[in-house]
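Please look through the sequence and the structure shown below.

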Amino acid sequence: MKVTIVGTGYVGLVSGACLAEVGNHVLCLDLDPAKIRILENGHIPIHESGLIDIVRHNVAAGRLGFTTDIDRAVAHARIQFVAVGTPPDEDGSADLQYVLAAARNIGSRMTEDKIIVNKSTVPVGTAHKVSAVIAEELQKRDIKLKHSVVSNPEFLKEGGAVEDFMRPDRIIIGGDDAHAIQQMRELYAPFNRNHDRIIVMDVKSAELTKYAANAMLATRISFMNELANVAEKLGADIEMVRLGIGSDTRIGYHFLYSGCGYGGSCFPKDVKALIKTANDDAGITLKVLNAVEAANDAQKEVLTNKIKARFGTNLIGKNFAIWGLAFKPNTDDMRDAPSRKLISDLLEAGATVTAYDPVAMSEAQRIFGNDSRISYADNPLTACKDADALVIVTEWKEFRNPDFAIIKTKLKTPLIFDGRSLYELATVRAHGLEYFPIGR
């Protein structure tokens, strides 16, 4: 099948590459010439495990291409995926300007019937807006062509997006056009062979499902973070609590790890957008999600509070080694990352920072610029040299089993603040290190 993908971010690029991998002919459109040049030169503008190999393989095979030419992209395929960003507006609502611009481009250029697939995360009712924009453009041209808008939300984890696309838990198709739904079934057939993963529903339910999924996961994280704070004060161990409740099949173990808050491109903005949609469009205040958001904001200050409780509020002259900048492992994404809040708080209190992350240091330099108070180390142990303490923010695998004896010799003060509670207390303390995890 021929497919056009509008947008080459995480969702668009992964979707396009994976659809090409199973034999489709995919053309990806992006209006950023620099991004397209990167892709045409055999590189990718994001860090995503396994993605570059699939991109290169399918470009070489002639099944995957990239362009800034809107006319070419619209003419390429009847199936047009819209996978552009929906960043939060100042009021927390999802900004639909890029989604509607993509729809307008399709409507103003289409010369055959089209199926428009909303892959972007959008509020309930967006499919109707997209359809109206396309209809308006067709009316301007006095052309009668059929278009169907389908909601096909993505459920891709950054760092595991290729695996999630190739082996999905579920494939949600929202629509009321039987032909469009059948075309989507055919497109997704290669990913659906083991058992039927496709769930067909109405468009509005499909749009809401994406927000509901991310809101539920964010809720679990904030719930466990609050319990971790309670456990720590009462002398309990949140890891034992996690095992105790996770063994209940009604609860399960996923997303029950406590830490220093969630970040990334999805949870923060989707929780905000769902709160805003419920309030504005349904007249309902989502009390639970407002609490989830407030709890997460507070959790991003837990490490700072622990550091100030140990060193005092004035951190002038102190230097802290930071392990982990990305909001989670296996990505360079620092959007709403806990590290950003921590670093800003430490700098404001007068401290300096030496940071290490396997892939996100370039992104950190872009975000923080040439701030002389932040330096970057080429490995974890170098970051620790003469630091007043080590602060762990992201749970990269290479941090899981360090040499504590060497860490102790590197640090000016033998002290670790662990925002991901990676280690056993007895093990760390046996090496003569003070250890401050979360919830233990």
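C260 is buried, at 2% relative accessibility; the word buried stands for under 20% relative accessible area, exposed for over 50%, and partly exposed for what lies in between (1.4 Å probe, protein chains only). The model is a predicted one, in which local features need pLDDT of at least 70 and side-chain atom pairs count only at pLDDT 80 or more, while totals for chains, interfaces and linings use all residues. Residues are numbered from 1 along each chain as its sequence is written, and side-chain values use heavy atoms, with hydrogens and water left out.

A disulfide is a covalent bond between the sulfur atoms of two cysteines. Here a disulfide is counted when a pair of cysteine sulfur atoms lies within 2.5 Å. By this rule, the count is 0 disulfides. C260 takes part in none, and the nearest cysteine sulfur, that of C384, is 17 Å away.

The next stop is a loop. T121 is located in the loop between strand 5 (114–118) and helix 6 (126–141). Helices (H or I, at least four residues) and strands (E, at least two) are DSSP runs, numbered from the N terminus. T121 has a relative accessible area of 8% and is therefore buried. Which residues does T121 touch, leaving aside its neighbours within four places in sequence? The contacts, meaning heavy atoms within 4.5 Å, are with T86, E154, K210, Y211, K269 and D270. For one of these residues, K210, the sequence separation from T121 is 89 residues, yet the two C-alpha atoms are 7.0 Å apart in space.

Charged side chains form a further set of links. A salt bridge is a side-chain nitrogen of Lys or Arg within 4 Å of a carboxyl oxygen of Asp or Glu. The whole structure holds 31 salt bridges. One of them pairs E137 with R104, with the closest N and O atoms 2.7 Å apart. Because E137 lies in helix 6 and R104 in helix 5 (residues 97–109), this pair ties together parts that are 33 residues apart in sequence. E137 is buried, with a relative accessible area of 7%, whereas R104 is partly exposed, with a value of 32%.

E137 also meets K140 in a salt bridge, at 3.2 Å from N to O. These two residues are 3 residues apart in helix 6, so about one helical turn separates them. K140 is exposed, at 57% relative accessibility.

Another salt bridge joins R310 and E434, whose closest N and O atoms are 2.7 Å apart. This pair links distant parts of the chain, since R310 is in helix 13 (residues 302–311) and E434 is in strand 14 (residues 434–436), 124 residues apart. Both ends are partly exposed: R310 has 32% relative accessibility, and E434 has 30%.

The last stop is on the surface. M240, L243 and Y253 form a nonpolar patch there, with about 290 Å² of accessible area together. Patches are made of residues with over 30% relative accessible area and no salt bridge, with like charges joined within 9 Å and nonpolar side chains (Val, Leu, Ile, Met, Phe, Trp, Tyr) within 5 Å. Accessible areas come from the Shrake-Rupley method with a 1.4 Å probe, and for residues only the protein chains shown count as cover. M240 belongs to helix 10 (residues 238–246).
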